[in-house]
Amino acid sequence: MGDMSKKYEEYTITKDGQLMLAKAEKEQIETAWDRLQAQLPQCGYCELGLSCRNCSMGPCRVDPFGEGPQKGVCGADADIIVARNFGRMIAAGAAAHSDHGRDLVEVLANVAEGKAPGYEIKDPEKMKRVAAEFGVDTKGKDTLQIAQELADAMQEEYGTRKKRLQFVSRVPQKRLDTWEKLGIVPRGIDRETSEMMHRTHMGVDNDWQSLLLHGLRNALSDGWGGSMIATEVSDILFGTPSPVTSAINMGVLKEDHVNIIVHGHNPVVSEMICQATEDEDLVQLAKDKGAKGINLAGLCCTGNELLMRRGIPMAGNHLMTELVIVTGAVEMILVDYQCIMPALGHVAKCFHTKMISTSDKAKFPEMEHREFHPENARELARELVREAVENFERRIPERVYIPVEPIKTMSGFSVEAILHALGGTPDPLIEAIKTGKIRGAVGVVGCNNPKIKHDYGHVTLTRRLIENDILVVDTGCAAIANAKAGFKVPEAVELAGPGLREVCGALGIPPVLHVGSCVDNVRILVLAAALANALGVDISDLPLAGAAPEWYSEKAVSIAVYVVGSGIFTVLGTTPPILGSMNVVKMATEGLNDVIGATLAVEPDPEKAAILIRRHIEKKRAGLGLPSIEV
Ligand code: BF8
Ligand code: SF4
């Protein structure tokens, strides 16, 4: 496979990816890269955001060269069509995160009612703190009573009649003043998404600026609403992460074990599977079947959730999900929702791998559907793990190929854990930023996209940032890429600049901190708010930035927009479909600075993105009167 894998160096920087792509080719298994080739050239109108099919007078398109039609049948021009399309991307992303949050709140409510065997309140202290924020009186009440009242209060947030979401009280005052001035304080979580769908219906909001403003409000309802609920309730139910060591890449699969993989986003399913893989009778059954035990590994964000909280090893990120099956070593993959390619079931057909879908709202071709509900989760998880173990006998040893040795990684850096590592307050971090030992901090987040060399964007950007004394916090598929690159062990301080090396070295932490899954980007918001409050400034004054070097999903669009809306400059590696409107582009990349104190930038080359970000950080440092350097 070695020689054949060489040609795949253009596809991915990872050894396991290259070797498995070669195996896929040899076995004639199609991957996302093949399907991308088959799609080329992709539609230019759609790439620019200039096509519209919002109604049946269309579909319509606007000619970018000014020769063909400049308006849709209804009269919508390029600005309106681009802004409407972008708004709908935000709405879809916000809906995905927020609905995930709602599912967790439902589990919390079920736990309170005693209807969720196997689930419990793992962090009652955090629950009390969050309950107090929601005005729940916790005195004299037992844990389950508080859980019930908190779940009720959180469910209210989705369709609240209040003027603003509860977590908006976490926003620094200066930021909130800006939102109020613009009229973009998020109200109900569902309301903002629903209003976006309304505004983008034919004949409603036909002012591109007002559409973009509502886009900000819609995204903020995700960041300071649905995603924040998802993260906080996950911590309450499954425990607030603290530093933990684990392993990463396809080498975490074990040839002599039953390999079970969880893929998707919601820890509600994966946590139960995790428990079942530890049940002694099932481990014994695996041994009876000739395996040494049961090996659980994660993919994508549900993998991140388990890695953060339980140190469960991670097999790979988005573009590795098909290739993991090609190892021939996986007995079962259980999926919940989001970022699960409908191709997976077809790939699994070529192997003995069983594919199980678990959510009532996410079904896939060639997968068996076994629905999880809080009431049956514990039992169903046991049943499925048993079936996975039984499937071990069907594995064909000659087809098994586990391509690499795993890499060590450290995870579990919730805000609570970061503050703990700092000795209980953000002061040491602020001090290090003030002196310039740490110049600033950047969130490197988001997906993989076959249009960009797999993991190259994340790893190159992160390497350049830490070399220049910029602390990196990461989530999602970016976090997996950086861990595979070896950035997330304390010894990786060797790769950092002298200041960052000194600070992280003294604390015994890596220069790149894994803060979680994609909904956990809100941990970065919470940390940014804490820093802004400690310094008495707005978030937009801080030497911070965000980056999504390889993003593909609508969720990533919502994240990028709420990060910018929260005052943090954000660089995207792939171009969002807005180039068809110069007005929208100018607003996103320049105009927003006067409106909200931060902008979006697009830079596909991570080397150049690093320079953009370093310049931005030095500019912000100078603005705060801190020592700055020329970049
Ligand atoms: O929520 S980073 S490819 S797995 S969307 Fe998906 Fe993107 Fe990965 Fe997680 Ni986030
Ligand atoms: Fe065409 Fe307007 Fe209908 Fe869009 S909303 S499809 S631009 S007529």
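## Burial and the cysteines

A residue counts as buried when its relative accessible area is under 20%. This structure is a predicted model. In it, Cys 300 has 1% relative accessibility, so Cys 300 is buried. Cys 477 is at 7% and therefore counts as buried too.

The structure holds zero disulfides. Cys 300 takes part in none; its nearest cysteine sulfur belongs to Cys 477, 4.2 Å away.

## Domains

The protein chain is divided into three stretches: domain 1 covers 78–238, domain 2 covers 244–399 and domain 3 covers 414–623. Taken over C-alpha atoms, the centres of domain 2 and domain 3 are 31 Å apart. Their contact draws 18 residues from domain 2 and 22 residues from domain 3.

## Nonpolar cores

In soluble globular proteins, nonpolar side chains tend to be buried together. Here the largest nonpolar core has 167 residues. Ile 273 and Ile 613 have the most contacts inside this core. Helix H5, residues 78–112, gives the most to the core, with 15 residues.

A second, separate core has 36 residues. Met 250, Ile 261, Ala 297 and Met 341 are among them.

What does Ile 273 touch, not counting residues up to four places away in sequence? Its partners are Ile 260, Val 262, Leu 296, Leu 334, Phe 372, Ala 381 and Val 385.

## The nickel site

The nickel atom of ligand 1 has a single donor from the protein. That donor is the SG atom of Cys 518, 2.2 Å away. Cys 518 lies in a loop, between strand E13 (512–516) and helix H22 (521–535).

## Glu 322

Glu 322 sits in helix H14, which spans residues 321–326. Is Glu 322 buried or exposed? Its relative accessibility is 2%, so Glu 322 counts as buried.

Leaving aside neighbours within four places in sequence, Glu 322 is in contact with Glu 30, Thr 31, Ala 32 and Arg 35, and also with Met 341, Ala 343, Leu 344 and Val 347. One of these partners, Met 341, is included in the second core.

Note on methods. Residues numbered from 1 in each chain as written. Chains lettered and ligands numbered in written order. Predicted model: local features only at pLDDT ≥ 70, side-chain atom pairs only at ≥ 80, totals over all residues. Heavy atoms only, no water. Disulfide = S-S within 2.5 Å. Buried < 20%, exposed > 50% of the residue type's maximum accessible area, 1.4 Å probe, protein only. Core = buried A, V, L, I, M, F, W, Y, C linked by side-chain atoms within 4.5 Å. Helix = DSSP H or I, 4+ residues; strand = E, 2+ residues; numbered from the N terminus. Contact = heavy atoms within 4.5 Å. Donors = N, O, S within 2.8 Å, 3.2 Å for Na, K, Ca; no water. Domains from an automatic or database assignment.
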